[in-house]
Amino acid sequence: MISEPLPWFELNLLESGWCFLVILTAAVIRGYSGFGFSALTVAGLTLILPPAEVIPIAFLLEIGASIHMLPLVWKDIDWNRLRWLTMGMLIATPIGVYLLSILPEIPTRWLVLSLIFIASLLLMKGYQLKEASSGKNLTFGVGLLSGCVNGTSALGGLPVALFLLSTSTGASISRASLVAYLFLSDITALAFSGLNDLISATLLQRTVCFLPVLVLGISLGHQGFIQSNPKTFRTFTLGLMITLCLMGMGKMILF
């Protein structure tokens, strides 16, 4: 019974249970921190499914997560900062896609992950940008960097998360702005990606089955954020950033 595929899912009971646990865990972290869902989902699900099946699921659920979270954080979004970030991202995303076609993938990912890892450690030590140095020019520049990074390595949310954490912006505003930015960058990535060729009926069925777990996890994570203090949020988010970098490095070493 356990080894028999479940209807719609084409996975057995143990495999299905693992998938739901991974999605729930990633959704709780996404609901709390505002990011990290895709990286954790891909890392967990690729243990039993091929990447070609996992990445479209993670991408579709990421968009679903943003849609679910936007009403929860709408009032806290920093629209001025979001506008400059998005402008940079829209300009640079096609550049990043082009760079992906001419740059070696593994060294590029190593460079991106190493820089984010070092920056996260600096922020953990207390480094913070002065308000005067985090104006529209730098914000636009971070958007450009994020677009390039997203196009080359699908890690575009991490530079933005680092930037927001390095300013004096409060935890609620940083998190809300990151959620809104990820939604816009995901839609942009969808426009530039070839995911349509990878989306099958089985993949869509699995995605639909994961949606209730996604909503539950985000709700739990959001409640955890409401009850936490800004210092805890900052420490957790930087720790998550470092963990994601180490996971990415470890995957490249092992595989």
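**Around helix 5 and beyond**

Modeller: Helices here are DSSP runs (H or I, at least four residues), numbered from the N terminus. This is a predicted model, where local features need pLDDT of at least 70, side-chain atom pairs count only at pLDDT 80 or more, and totals for chains, interfaces and linings use all residues. Residues are numbered from 1 along each chain as its sequence is written, and side-chain values use heavy atoms, with hydrogens and water left out.

Biologist: Thanks! How many residues has helix 5, and what does it reach from its first C-alpha to its last?

Modeller: Helix 5 covers residues 105–124, which is 20 residues, and spans 28 Å between its first and last C-alpha, close to the 28 Å expected at 1.5 Å a residue. The expected span is 1.5 Å times one less than the number of residues.

Biologist: And which residues in helix 5 are buried?

Modeller: Thr108, Val112, Leu113, Ile116, Ser120 and Leu123 are buried in helix 5. Seen down the helix 5 axis, the buried residues fall within an arc of 120°, so they line one face of the helix. Buried means under 20% relative accessible area, exposed means over 50%, and partly exposed is in between (1.4 Å probe, protein chains only). The arc is that of the directions from the helix axis to the C-beta atoms.

Biologist: Why would residues three or four places apart point the same way?

Modeller: An α-helix has 3.6 residues a turn, so residues at that spacing point the same way.

Biologist: What do the buried residues of helix 5 pack against, and which exposed residues sit on the face turned away?

Modeller: The buried residues of helix 5 pack against helix 6 (136–153), helix 7 (157–165) and helix 10 (230–254). Leu111 and Leu115 are the exposed residues on the face turned away from the buried side. Contact means heavy atoms within 4.5 Å.

Biologist: You mentioned helix 7. Is helix 7 largely enclosed or open?

Modeller: Helix 7 is largely enclosed by the rest of the structure, because 9 of its 9 residues are buried. Among them are Gly157, Pro159 and Phe163. The buried residues of helix 7 pack against helix 4 (79–102), helix 5, helix 6, helix 8 (171–192) and helix 10.

Biologist: Switching to charges: how many salt bridges do you count?

Modeller: The count comes to 2 salt bridges, taking a salt bridge as a side-chain nitrogen of Lys or Arg within 4 Å of a carboxyl oxygen of Asp or Glu. Arg30 pairs with Glu62, with the closest N and O atoms 2.6 Å apart. Arg30 lies in helix 1 and Glu62 in helix 3, so the pair ties together parts that are 32 residues apart in sequence.

Biologist: Are Arg30 and Glu62 buried or exposed?

Modeller: Arg30 is buried, and Glu62 is buried as well.

Biologist: Which residues make the other bridge?

Modeller: Lys75 and Asp76, whose closest N and O atoms are 3.5 Å apart. Lys75 counts as exposed because its relative accessibility is 71%, while Asp76 is partly exposed, at 23%.

Biologist: OK, now the surface. Which residues make the nonpolar patch?

Modeller: Trp18, Leu21, Leu47 and Ile48 make a nonpolar surface patch of about 370 Å². Patches are made of residues with over 30% relative accessible area and no salt bridge; like charges are joined within 9 Å, and nonpolar side chains (Val, Leu, Ile, Met, Phe, Trp, Tyr) within 5 Å. The areas come from the Shrake-Rupley method with a 1.4 Å probe, and for residues only the protein chains shown count as cover.

Biologist: Where do Trp18 and Leu47 lie?

Modeller: Trp18 lies in helix 1 and is partly exposed, with a relative accessible area of 35%. Leu47 lies in the loop between helix 2 (37–45) and helix 3 (51–73), and counts as exposed at 60% relative accessibility. Leaving aside neighbours within four places in sequence, Trp18 is in contact with Gly44, Leu47 and Ile48.

Biologist: Last one: what does helix 2 pack against?

Modeller: The buried residues of helix 2 pack against helix 1 (13–33), helix 3, helix 9 (201–227) and helix 10. Those buried residues include Phe37, Leu40 and Gly44.

Terms used:
Helices (H or I, at least four residues) and strands (E, at least two) are DSSP runs, numbered from the N terminus.
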